[in-house]
Amino acid sequence: MEAKEALKIPIEATKKVVRVTKALFAPKATEIWWDKGIRRELHYRGKHIINAELCIGCSMCARACPVNCIDMVPTGVKKPRAVPKVRANECIFCGLCEDACPTKPEKAIKLTDHYSMILEDVTWDKLTEYIFEPENLEEALEKAKKMEELLEKKKQEALKKKQQAQQAKAKAEAGKEKPSAEKKPQQEGKLQKETKGEE
Amino acid sequence: MGNSIATAGYTFVVEESKEISGEDLGLLQEKLLQLNWGVQHPASGPMRLKVWVDGDEVVKVDPDIGYVLRLLEKLVEYRTWINAIVNVERACFIDNFGTMTGYSIAAEKIAGVEVPKKADYVRTILCEGGRIVSHLIGLGSFVGVMGVHTPMQWALIAREKFLDAFEVYSGQRIATASIIPGGVRYEPTGKFIEKMITAVDFLEKEFIPRYGEVFIDNPTLKVRSEGIGVVPKEKAVELGLAGPALRASGIPSDIRKDYPYAAYGELDFKVVTKEEGDCYARYLVIWEELIESAKIIRQAIEGLPEGEWRTKFPIKVPPGEAYVNVEWARGCFGFHLISDGGTGPYRLKMRAPSFANLWAMPEIMKNVKLADVPVIFASLYMCHGDIDR
C-alpha cells in the first residue's frame, strides 16, 4: 500500500506536466477570422453585390425595400436607365430586393455571404458614405454605349436602304409613266437626302 | 429605509400626497411608499412598475409602459403586402415566426390565395422552433429572477442549436423575414432538416433530462413559487389572461387545437393544462409545452410533402378585411387586416397576448409580498416588444 501511494504523487505530477506542455504547443483557441475567408451557409444574407451588366433598371428592388435604402442612380444610357445603390448604413439585410429582381437566371442584385463590414474611425459621415455600388458599372456603361452606337448605325443603314429603294422605285415609275416629268421625283429624292444628312 | 432596500437595486421616491389621493387608497395614504420597480431593475425589461407598498405588502401596482414603442402598426401602412413582414416580425424578435404566419394567413384570406401544402408544413416547423426558442428563454428567466442564472445559460446553449437551424434556412438567426404571404421564402433544404433534427435531438436527449432533474420539482423553487399569484379558473377568464398563464388556470384554450391553421390540423399533440393557477403551474406549463413542441417538429418533418413552397401573391389585393388568430409562444395573437384595394395594407391592428397579461397583473399582485413581485411578473411570461408594439 505504501509503495503504491508513494508512486501516485510522481505519476500525477508527470501527468500534469504533460498536460501543460501539450497546452503550450497546441493551436490557439481563438483566431483572427476576417482574413481567413470563412464561408457562411447557403442563404446567408450579407454584403450586396450589384451586377450592372445584368441590371435592366426596372427599380423593382427599390420598391421592394422596406426601409427605402436603395436609390436608383441615373446612368445616362438607355439600358439600364438607372442602377441601384444601397445605403449600407440603413439596410436591414432582409433580402427582399433579391426576391424582387426579375432578371433570369442570375439576379442583378444579390446578397452574398461576405459579412465582414469593418469601418475604421467610425463617424456618422463615414457611415453615411458607406454604400454598396455596382462593381462593373463603367464597363457596363461602355458596353451599353457601344451597343447603342451599333443600334444607331444599324438603324441608319436600314433607313438608307429604304430610301435608296424608294428612290429606285420612284425613278422606275417615273421612267415608265412619264419620261418628260423626270425632274420632280429627282428633286424630292434630293430633298430627302438633304434632310437625312441633317439628321 | 434600511440599507437592504438600497443594496437590492430599488430606487424609491416618497409619494406626494397629491398623487396618492385616489379613492381606493383610503386612510392608508399616510403610510404608503411608492417604489419604482423597473427600467433599471435586472428583471423588469424596458418598463416600469409603480408599486405602492404598505410595509412589505403591495397595495397597488401601476404599470408604466411605452419605452420601446415603435409604431409598428402605423409603419405597416407604408409598406407593400410582402415587405410588411419586416415590421410584423419585429413585434417580438424571440418568436418572430408566429407573427409572420398570422399576418400572412390574414393577407392570403383577403387575396383568396391558397398556399401549397409544403409551405404549411414548413411554417409549422418554423413556428414550433420559434416557440421552443421563446419557451427556453421563458424558463431561464423565470428561475433567473429568483437569483439562479445557471438555467438561463443551459437554455441559451439549447437555443443556439435552433438559431443555427434558422440561419441555415433563412440566412439570419433572429430577424429571419422568412414567411411571406403566399408561402415561405426559401426551400427547406436537406441541411436545414438535418440541423433541425440535431437541435431537437439535443433538446430531448441533453437539455430536457438534465434540466428536468435539477430545476423541475426543485423544493427550493417550489417554496418560492407555489401558492403565489393564484388565479382561479373564473377569474382567469374574467381578467382575459392569454397563453400559458391561461392554461395554467385550467382552461384548455389553444388556437392550434380550436381553430387549426397551417398544418396543425393534421398533427397529433395535446394541450397542456394545470389546475393550480399559481406561478409554479405557469412555469410547468411552459416546460411541458416545450416537450410537446419537440414532438410536433418531429411529426411535421416526417410528414413533409413534396412540391412547391411558394405561390405568386398579387401586387394589388381586392378590398376586404380579415381577422386571424394564431397561437403564438406567449398566447393568442390576433391580426385585424384591412385592404382598400391598394398595393399595401390599409390598416393592421395587432391584438397582443402580453398586453392582456400585463393589465391583468395589477389584480393578481394585490396583497402579495414585495419580494413576490418579480416572480409573478416573470411567471406571466410577457414580452416588452409585444406590449408596446
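Contact is taken here to mean heavy atoms within 4.5 Å, and axes are lines fitted to C-alpha atoms, for helices over the stretch in contact, with angles running from 0 to 180 degrees between N-to-C directions. Helices (H or I, at least four residues) and strands (E, at least two) are DSSP runs numbered from the N terminus. The model is a predicted one, in which local features need pLDDT of at least 70 and side-chain atom pairs count only at pLDDT 80 or more, whereas totals for chains, interfaces and linings use all residues. Residues are numbered from 1 along each chain as its sequence is written, chains are lettered from A and ligands numbered from 1 in the order in which they are written, and side-chain values use heavy atoms, with hydrogens and water left out.

In chain B, helix H13 (residues 353-364) lies across strands S7, S8 and S9 of chain B and runs at about 125 degrees to S8(B). These three strands form an open sheet in the order S7-S8-S9, with antiparallel pairing, two strands being counted as paired if DSSP finds at least two bridges between them. Strand S7 (320-328) and strand S9 (347-351) of chain B are the edge strands, each pairing on one side only. Averaged over this sheet, neighbouring strands are turned by 15 degrees against each other, direction ignored. S7(B) is joined to strand S8 (residues 331-339) of chain B by 9 bridges in the antiparallel sense, and within this pairing Val324(B) stands opposite Phe335(B) of S8(B).

Chain A also contains an open sheet of 3 strands, arranged in the order S2-S3-S5 with antiparallel pairing, and its edge strands are S2 and S5 of chain A, each of which pairs on one side only. Strand S2 (residues 70-74) of chain A pairs with strand S3 (residues 82-87) of chain A over 5 antiparallel bridges, and Val73(A) has Val83(A) of S3(A) as its bridge partner. S3(A) is in turn joined by 2 bridges to strand S5 (residues 131-132) of chain A, again running antiparallel. In that pairing, Val86(A) has Phe132(A) of S5(A) as its bridge partner, while Arg87(A) stands opposite Ile131(A) of S5(A).

Helix packing in chain B is illustrated by helix H4 (residues 96-111) and helix H5 (residues 117-145), whose axes come within 8 Å and cross at roughly 145 degrees. On the H4(B) side, Phe97(B), Gly98(B), Thr101(B), Ser104(B), Ile105(B) and Glu108(B) meet Arg123(B), Leu126(B), Cys127(B) and Gly130(B) of H5(B). This contact comprises 4 nonpolar, 4 polar and 2 charged residues, where Ala, Val, Leu, Ile, Met, Phe, Trp, Tyr, Cys and Pro count as nonpolar, Asp, Glu, Lys and Arg as charged, and the others, Gly among them, as polar.

Between the chains, 16 residues of chain A are in contact with 20 residues of chain B. About 1500 Å² is buried between chain A and chain B, 46% of it on carbon and sulfur atoms, buried area being the accessible area (1.4 Å probe) that two parts lose on being put together, summed over both. The interface holds 2 salt bridges, each defined as a side-chain nitrogen of Lys or Arg within 4 Å of a carboxyl oxygen of Asp or Glu; one of them links Asp99(A) to Arg310(B), with the closest N and O atoms 3.3 Å apart. Helix H2 (60-64) and helix H3 (96-100) of chain A are the elements that give two or more residues to the side of chain A that touches chain B, and the residues of that side divide into 9 nonpolar, 2 polar and 5 charged.

A cis peptide bond, with omega about -5 degrees, joins Lys104(A) and Pro105(A), and Pro105(A) is placed in the loop between H3 and strand S4 (109-111) of chain A. Ser59(A), a residue other than glycine, has a positive phi near 60 degrees and is located in the loop between strand S1 (48-50) and H2 of chain A.
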